[in-house]
Amino acid sequence: AQSSSAEKKRVRRAQTLRPHIYKKLDAARALSDEKKYAEAIEALNAVEKIKRNSYEQAMTHNMFAYVYFNQEDYKNAIGAYKNVVATKNIPESLEQTTLYSLAKLYLIQEDYKNALAELNKWFAKVEKPNAEAFILRAQMQFQLEKYQQALPDVKKASAMTKEQGNQPKENWLLLERAV
């Protein structure tokens, strides 16, 4: 009997970061932390020349984003994070954190439309979004004057917080009143 295509469904194998690649990425991180940004970028450009699996490629892009973010070069950080997401077969957790980071970077730049688009991609991937994510989305919608969409998110965040026995933050209540 022949197996159906459904039975042949590929399982996403977890790729790993090999020690020599990890060491090079960690060295670039250390340079960035010492504010030696040009040297960090140079180190990462050297890593780019090494044959790497898709996870190692994604982590290299992720480190580029880290270095650019540290020097407040948000445009290049966004480009690097987009390269992470574009890499095939990356772990879902990496994709989720990258989408959230992209949303926040666009928000920093007051590009609310792209911020909301990236955050909505994140919402589509996450099982249990937290209250902070709902507030973040409400703030973006508020900035885009999408008040009808903002209100349910503010209420959801407040309800989630109250369920945990906490009080919603004052700025959440101010946002709800403004909406």
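Axes are lines fitted to C-alpha atoms, for helices over the stretch in contact, and angles run from 0 to 180 degrees between N-to-C directions. Helices are DSSP runs (H or I, at least four residues) numbered from the N terminus.

The model described here is predicted; local features need pLDDT of at least 70, side-chain atom pairs count only at pLDDT 80 or more, and totals for chains, interfaces and linings use all residues. Residues are numbered from 1 along each chain as its sequence is written, and side-chain values use heavy atoms, with hydrogens and water left out.

Confidence is expressed as pLDDT, the predictor's confidence in each residue, from 0 to 100. The protein chain has a mean pLDDT of 92, and 92% of its residues reach 70 or more.

| Element | Residues | Mean pLDDT |
|---|---|---|
| Helix α2 (highest) | 37–48 | 98 |
| Helix α9 (lowest) | 170–178 | 90 |

Residues 1–11 have pLDDT below 50. Where pLDDT is low, the predicted coordinates should not be read in detail.

Helix α6 (residues 112–125) packs with helix α7 (residues 131–143) at an angle of about 150 degrees, their axes lying 9 Å apart. That makes α6 roughly antiparallel to α7 (angles over 145 degrees count as such). Their contact (heavy atoms within 4.5 Å) includes Leu-116 and Trp-122 of α6 and Phe-134 and Met-140 of α7.

Nine salt bridges are present, each a side-chain nitrogen of Lys or Arg within 4 Å of a carboxyl oxygen of Asp or Glu. In one, Lys-125 pairs with Glu-95, the closest N and O atoms being 3.5 Å apart. This pair links distant parts of the chain, with Lys-125 in helix α6 and Glu-95 in helix α5 (residues 92–108), 30 residues apart.

Definitions and conventions:
Helix = DSSP H or I, 4+ residues; strand = E, 2+ residues; numbered from the N terminus. Parallel < 35°, antiparallel > 145°, perpendicular 65-115°, else oblique.
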